[in-house]
Amino acid sequence: MIQFFGKSAELQLEKDVSTRYLPVVISAMIFLAALSIGGLFSLSNAISDWSETLTENLTVEIAFDPVADLDKKVADAVALLSNTPGVATARAIEQEETLLLLEPFLGKNASLGDLPIPRLIEVIIAEDSAIDLAALNKKLAEAVPGARLDIHRPWLDKMVLLGRSIQFLAAGIMLLIGCVTVIIVIFAVRTGLIMHAEVIQVLHLIGARDNYIAEQFQNYFSRLSLLGAVPGLIVAIIVMFIFNFLVGSLEASMLPPLTVGIEGAIALLLLPLLVALLTKYTVRRVVLKSLRRMM
Amino acid sequence: MVRFENVGMRYGLGPEVLRDINFHLRPGSFHFLTGPTGAGKSSLLKLLALSHRPSRGLVTLFNKEVSTLSREDLPGMRRKIGVVYQDFRLLDHLSTLENVALPLKIAGAKNDQVYQHVAELLEWVGLGRQVDAKPPTLSGGEKQRVAIARAVINRPQLLIADEPTGSMDAEMGLRLMYLFQELNKIGTTVVVATHDLELIKRFGNPVMILKDGMLTTRAQDELPSQFSKDPA
């Protein structure tokens with residue numbers, strides 16, 4: 001640790017003006033990377049939640065028919081579903097409840113009796129049951145004309161596809177951030193090598209090994225990365241909290257809050273360390289490769 | 001110790017600055033290297049200091065042919081060589097003590113031993129009161145003494161000095177030449193490059209003369225009284 005934080009005694013890299021702003025750049029990169037990680041893990045959690053909820057929950061829709069006895073149809077369907085192996089519960093959704101669901105679209109004063117609203121039954125599938133939904137749908141349609149099993153699958157598939165696409169995008173952004181960080185570090189190191197060429201030559205001529213010189217560079221640049229990464233991460237976490245607060249206060253249910261979970265939190269906390277290690281490895285390779293060109 | 005066989009050297013694609021150099025330095029010998037400005041003295045010293053490789057020919061140092069050395073072998077070889085550069089090449093941000101201690105530190109010596117040795121040597125070269133001074137605050141002669149102290153702190157087997165007394169008064173110059181002689185007596189091979197023919201005559205060691213990139217060895221009584229100012 002002391003070696004890691006030790007100053008570059010002979011090269012005095014600390015006094016280089018060219019690397020002064022590197023922590024600021026690293027900070028911005030870490031900020032973006034942390035937000036990407038936040039988005040990536042939040043989406044992953046959200047997709048799991050959607051899948052879990054929607055594969056356990058089904059809806060049976062009985063089409064509106066002004067001449068049919070809808071209450072009987074609902075009762076028949078509930079009875080059939082309740083007796084189906086693998087169905088945990090089947091509950092008819094009351095008309096008031098349906099009205100409540102439609103309230104955002106139709107308003108509070110809508111009269112349910114005037115509208116051709118289908119009747120709904122909420123079905124919960126038992127855990128670990130292997131139920132054939134297509135067969136159930138067919139059986140239900142035969143027993144109760146106008147009844148249809150809505151398995152939410154197409155909608156869920158689209159949502160999962162969208163979520164996965166955004167996850168790939170976030171991963172791509174992270175890769176891009178990593179590449180840009182490496183390129184910036186390479187430029188900074190090469191500038192440092194040129195600026196300190198004379199001192200490096202003296203060190204070589206009095207018997208310094210390439211490792212001795214490389215260590216001064218890698219320790220200094222890793223320290224700069226860490227100094228930039230920590231504030232970048234802190235700002236990103238603050239931004240995530242603000243985002244969650246806004247999402248909560250707006251009651252915008254379509255926007256999931258940024259909940260990274262334990263894996264995401266670990267990934268975020270490891271981010272500065274990973275950047276420092278990436279910097280250290282990059283700097284070491286660049287310096288050793290450059291020094292090999294010298295006698 | 002040191003053997004040059006048909007050695008030539010050029011910088012990049014430029015003309016040869018050293019041509020067909022042949023000589024052999026026995027362990028514990030003391031040689032002067034002299035010649036007019038631009039004759040190639042510094043280039044020859046660069047080959048000796050393992051700072052450059054020859055363009056052709058064989059350079060053998062410490063019984064190892066330089067062109068066969070791997071990169072990992074070079075630091076160990078360089079630690080056996082002490083070099084006093086004409087332009088000192090001190091690290092301006094380090095103190096006198098730290099500059100002189102650098103070869104020992106790089107070689108991995110323990111701190112307490114390092115600083116005791118360095119303090120004693122600095123005292124000997126007359127810089128005992130300037131251990132904490134940084135090179136920019138030192139005079140030319142003082143910088144040269146720091147450079148010499150740095151070159152000899154490691155007890156090198158080969159000591160190379162490029163105009164080591166050029167920036168100091170005659171008395172200090174002589175004192176440092178005596179230091180080189182002391183090191184030579186304990187087995188260090190010494191090569192001193194200088195324009196100062198009076199100094200060469202005073203010490204009476206063998207002289208290698210470089211002119212137009214070619215090396216000749218002459219006895220003391222064959223030395224010219226002065227070199228032509230025109231390097232050609």
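Me: Are helices α3(B) and α5(B) roughly parallel or roughly antiparallel to each other?
Reply: In this predicted model, the axes of α3 (residues 96-107) and α5 (residues 140-152) of chain B come within 7 Å and cross at roughly 30°. Angles under 35 degrees count as roughly parallel. The relation of α3(B) to α5(B) is therefore roughly parallel.

Me: In which hand does α3(B) pass α5(B)?
Reply: The two axes cross at roughly 30°. The crossing in which α3(B) passes α5(B) is right-handed.

Me: Which residues of α5(B) meet α3(B)?
Reply: From α3(B), the contact draws on B:Thr96, B:Asn99, B:Val100, B:Leu102 and B:Pro103. By class, the contact of α3(B) with α5(B) comprises 5 nonpolar, 2 polar and 1 charged residues. The partners contributed by α5(B) are B:Val146, B:Ala149 and B:Arg150.

Me: Are helices α8(A) and α9(A) roughly parallel or roughly antiparallel to each other?
Reply: The axes of α8 (residues 210-250) and α9 (residues 261-292) of chain A come within 8 Å, with a crossing at roughly 150°. Angles over 145 degrees count as roughly antiparallel. The relation of α8(A) to α9(A) is therefore roughly antiparallel.

Me: How many nonpolar residues does the contact of α8(A) with α9(A) have?
Reply: α8(A) passes α9(A) in a right-handed crossing. Residues of α8(A) in this contact include A:Phe217, A:Phe221 and A:Leu233, and those of α9(A) include A:Leu268, A:Val283 and A:Leu291. Beside 4 polar and 3 charged residues, the number of nonpolar residues in the contact is 17.

Me: Which element gives the most to the side of chain B that touches chain A?
Reply: Contact between the chains involves 16 residues of chain B and 12 residues of chain A. On the side of chain B, the elements that give two or more residues are α2 (73-78) and α3. With 4 residues, the element that gives the most is α3(B).

Me: How many charged residues does the side of chain B that touches chain A have?
Reply: This side of chain B is in contact with 12 residues of chain A. Its classes include 8 nonpolar and 3 polar residues, and the number of charged residues is 5.

Me: How far apart do the C-alpha centres of domain 1 and domain 2 of chain A lie?
Reply: Chain A is divided into domain 1, which takes in 2-51 + 156-292, and domain 2, which takes in 64-145. Between the C-alpha centres of these two domains, the distance is 53 Å.

Methods: Residues are numbered from 1 along each chain as its sequence is written. Chains are lettered from A and ligands numbered from 1 in the order in which they are written. This is a predicted model: local features need pLDDT of at least 70, side-chain atom pairs count only at pLDDT 80 or more; totals for chains, interfaces and linings use all residues. Axes are lines fitted to C-alpha atoms, for helices over the stretch in contact, and angles run from 0 to 180 degrees between N-to-C directions. Angles under 35 degrees count as roughly parallel, over 145 as roughly antiparallel, 65 to 115 as roughly perpendicular and the rest as oblique. A crossing is left-handed if the near helix is turned anticlockwise from the far one by less than a right angle, and right-handed if clockwise. Two residues are in contact if their C-beta atoms, placed from the backbone, lie within 7 Å. Ala, Val, Leu, Ile, Met, Phe, Trp, Tyr, Cys and Pro count as nonpolar, Asp, Glu, Lys and Arg as charged, and the others, Gly among them, as polar. Domain bounds come from an automatic or database domain assignment.
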